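Have the viewer open and follow along.

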Amino acid sequence: MKRPTTLLSLLLLISLFGKAQSGGENIYEFLNLGSSARVAALGGTQIALSDPDADYSFYNPAALHADMDQNVSLNYVNYITDINYGYASYTKNYKDIGTFSIAMHYVNYGKFTEANEFGEITGSFKASDYALIISYARELSKRFRIGISLKPIYSSLEKYTSIGLATDLAFIYDHPNQGFRASIVARNFGYQIKTYYDSHREDLPNEILVGLSTKLQHAPFRFAITYRHLEEFNLNYDSELDSEDESYEQSEEDSFSNKAVKHLILGSEFLPSKNFTVRFGYNFQRNAELKIDEKVSTVGFTWGFGLKVSHFRINYASARYHLAGASNHFSISTRLSDFK
């Protein structure tokens, strides 16, 4: 346990040099809406899981490997109100070259009522985002893997459209005998090629993550932890009203420990058999930002399960975002070569 503890401590110190973030500064935030039901059940983001499905390249392209050859994965999320999104992927391995994956990630925000500045109804409009994700991974040695993703992006919000390009870069270290995996991922670094209006170019929601996972040798449990936003320690949203209020004072939630813990996402899997898995997770940032202090709730908690039926893997997850409701995640995957 000394190595993981030392690593997390070092990463925490590095992130102290990051600046405070403010809400609403980035575009293409849908790139952070992961569709995988397995990952959703483990807190929403985990980058160091072993035995992943084809859809896991969304979180970590280095996880692609030869065993995923001809894997197909379909994901659907019934999100808040009328919003829904999904992810579809196909993986192909080429001997001595590496493993490739192509996927489509989309978000449909639903139908909106259009009105002018006087409140008069003039019609309706729709909004949606799309990202084509092309990923590649290669084994550098028995312990190290590297992966990269390229993401052309198209966003349509009423009459405003935007085009962008993002990329992910990932490394994985696997311990050969102890079921231990560590990973670091740089996600969503890129450029807005076409702006929504004029020349107002905006930043993408990039971040650096580190993750660890381990499976107990003599018990059917796997544990995972991910530390998000290595580049930025203070994840609190700065309010302009607070900055103008001379009487404003930092609360206990602004303390060092609360800022540090917001980066963590915990997950665990119970594996009683090869065909059935139960999962639980907890997202500290989600709980801190969306909970209501006056009422105890399960905001931030996630759970789900996985089944293997014949040639298909079926996963479900429920993620509690607010007292008003939760999201439901559905995933199904298979290997096409198994049907030959």
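How many residues line the second largest pocket, and which of them lie nearest its centre? The lining counts 40 residues, and Ser50, Asp51, Pro52, Asp53 and Arg313 are the ones nearest the centre. Before going further, please note that this is a predicted model, in which local features need pLDDT of at least 70 and side-chain atom pairs count only at pLDDT 80 or more, while totals for chains, interfaces and linings use all residues. Residues are numbered from 1 along each chain as its sequence is written, and side-chain values use heavy atoms, with hydrogens and water left out.

**The pocket**

The second largest pocket holds about 1,100 Å³ of space. Elements that give two or more residues to its lining are β5, β7 (180-194), β10, β11 (276-283), β12 (301-309), β13 and β14 (325-335). A pocket here is found on a 1 Å grid over the protein atoms alone, as an open set of points where a 1.4 Å probe fits, with protein on both sides within 12 Å along at least five of seven lines; lining residues have an atom within 4 Å of a point. Grid points are joined across faces, edges and corners, and the volume is the space filled by probe spheres set on the points. Helices (H or I, at least four residues) and strands (E, at least two) are DSSP runs, numbered from the N terminus.

**Salt bridges**

The structure holds eleven salt bridges, each being a side-chain nitrogen of Lys or Arg within 4 Å of a carboxyl oxygen of Asp or Glu. Three of them are listed here.

| Pair | N to O distance |
|---|---|
| Arg38 and Glu269 | 2.9 Å |
| Asp69 and Lys92 | 3.7 Å |
| Asp174 and Arg181 | 2.6 Å |

Arg38 lies in helix α2 (residues 37-41) and Glu269 in strand β10 (residues 264-273), so their bridge ties together parts that are 231 residues apart in sequence. Both Arg38 and Glu269 are buried, where buried means under 20% relative accessible area, exposed means over 50%, and partly exposed is in between (1.4 Å probe, protein chains only).

Asp69 counts as buried because its relative accessibility is 18%, whereas Lys92, at 25%, counts as partly exposed.

Asp174 and Arg181 are both buried. Salt bridges that share partners also join Arg38, Asp51, Arg222, Glu269 and Arg279 into one network.

**Asn315, a partner of Arg279**

Asn315 belongs to strand β13 (residues 312-322) and is buried, with a relative accessible area of 7%. Its side chain reaches that of Arg279 through a polar contact of 2.8 Å. A polar contact is a pair of N or O atoms within 3.5 Å; within protein, one must be able to donate a hydrogen and the other to accept it, and residues adjacent in sequence count only if both atoms are side-chain atoms. Leaving out residues up to four places away in sequence, Asn315 touches several residues, among them Arg38, Asp53, Arg279 and His329; contact means heavy atoms within 4.5 Å.

Strand β4 (residues 121-139) and strand β5 (residues 144-157) pair in the antiparallel sense over eleven bridges, with Ser135 opposite Ser149 in β5. Two strands count as paired if DSSP finds at least two bridges between them. The hairpin from β4 to β5 runs through four residues.

β5 also pairs with strand β6 (residues 160-174), in the antiparallel sense over 14 bridges; Arg145 has Ile172 in β6 as its bridge partner. What is the phi of Glu158, in the turn of the β5 and β6 hairpin? It is positive, about 60 degrees, and the hairpin has two residues between its strands.

Ser162 is found in β6 and is buried, with a relative accessible area of 0%. A polar contact of 2.9 Å joins the side chains of Ser162 and Gln192. Beyond four places away in sequence, the residues that Ser162 touches include Tyr28, Ile153, Gln192 and Tyr196.
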